[in-house]
Amino acid sequence: MIEKSLQDRIYQLKGWLTHDEINFLYDFASRVLAGQVIVEIGSWEGKSTIATALGSKAGNQARVIAIDPHTGSQEHHDLWGKVDTFTNFQNNLATFGVTDTVEPLVMTSAAAVEHVGNNIGLLFIDGSHTFSDVMQDLRLWAPKVVDGGIIALHDSWHFSPVQLASALHLISASDAAQPHLVDTITYWYKVPDQGLKDKAGNLVFVLKRLLTGKQGFDRLPKTQS
Ligand SMILES: C[S@@+](CC[C@H](N)C(=O)[O-])C[C@H]1O[C@@H](n2cnc3c(N)ncnc32)[C@H](O)[C@@H]1O
């Protein structure tokens, strides 16, 4: 469990994670085994990267591969025009003492896929939020997650393209089970032996998330720019 003062310091960084989402990333990163890797798609200035890297350091020192071209997504260009987050990303990592734990790949997730093996213990997807890009991230990256590993998507119910892509994956995949929600993060386990109960559970989760939205899960993300 992350210390409250550390959680608060991470929360102060620019980004979009809530306190509970920081806690989730820290906790689940700490459980990733040595020899496995943590992959993050979409780092921005490093808020989620730092939460996972500190968790990993407190756990088994799994390497964090942080993939981002550092040029922002369409919604950022609409707000701010040209974007370059790499310098602030590097400075933030240094401030939190996690530079040695993180391997940045400054490229798109599609370009990065050939640089990473099939030993991902935790996959956190928070890159481009278009429907086709999220579908592509799931198609390219989910097969690289180990059995028992975790796949997590940020902005999973209030961004409709991410909601739809994750719903389609959960309903159609033959190796996804036990989906949960932590604020806006939907996560599930990759399993070798998905049963009928898992399939039904995935469908119920997707319908509940769709129909009841934030009321059903009693959460509103605390966004921060
Ligand atoms: C919502 S931000 C990530 C926020 C970050 N996870 C945090 O906690 O602060 C989305 C990021 O995805 C990156 N991005 C956009 N398209 C991408 C792609 N095709 N592959 C990887 N990253 C991408 C953008 O540059 C941007 O930094």
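Colleague: Why is Q178 called partly exposed?
Modeller: Q178 has a relative accessible area of 45%. Buried means under 20% relative accessible area, exposed over 50%, and partly exposed in between (1.4 Å probe, protein chains only). The 45% of Q178 lies in between, so the residue counts as partly exposed. Please keep in mind that this is a predicted model: local features need pLDDT of at least 70, side-chain atom pairs count only at pLDDT 80 or more, and totals for chains, interfaces and linings use all residues. Residues are numbered from 1 along each chain as its sequence is written, and side-chain values use heavy atoms, leaving out hydrogens and water.

Colleague: What makes H70 count as buried?
Modeller: The relative accessibility of H70 is 2%. That value is under the cut-off for buried, so the label applies.

Colleague: What makes you say that the charged end of R31 sits over the ring of F28?
Modeller: For that label, NZ of Lys or CZ of Arg must be within 6 Å of the ring centre and within 35 degrees of the ring normal. The charged end of R31 is 4.2 Å from the centre of the F28 ring. R9 is placed likewise over the face of F96, at 4.4 Å from the ring centre.

Colleague: Which side chain does N88 join in a polar contact?
Modeller: The partner is E45, and their side chains are 3.2 Å apart in this contact. A polar contact is a pair of N or O atoms within 3.5 Å; within protein, one must be able to donate a hydrogen and the other to accept it, and residues adjacent in sequence count only if both atoms are side-chain atoms. The 3.2 Å is within that limit, so the pair qualifies. N88 belongs to helix α5 (residues 86-95) and is partly exposed at 33% relative accessibility.

Colleague: What does the side chain of T184 reach?
Modeller: It reaches the backbone nitrogen of D155 at 3.1 Å, and it also makes a polar contact of 3.2 Å with the side chain of H154. T184 lies in the loop between β6 (176-182) and β7 (185-190) and is buried, with 1% relative accessible area. N202 in helix α9 (residues 196-217) is buried at 1% too, and a polar atom of its side chain lies 2.9 Å from the backbone oxygen of A176.

Colleague: Why do you say that the buried residues of α7 line one face of the helix?
Modeller: In α7 (residues 131-141) the buried residues are V134, D137, L138 and W141. Seen down the axis they fall within an arc of 95°, taken from the directions from the helix axis to the C-beta atoms, so they line one face. The exposed residues S132 and R139 are on the face turned away from the buried side.

Colleague: Which residues come nearest to the ligand?
Modeller: G42, S48, D68, G72 and D126 do, out of the 21 residues around the ligand, where being near takes a heavy atom within 4 Å. A polar side-chain atom of D126 is 2.8 Å from a ligand nitrogen, and a polar backbone atom of G72 is 2.9 Å from a ligand oxygen.

Notes:
Helices (H or I, at least four residues) and strands (E, at least two) are DSSP runs, numbered from the N terminus.
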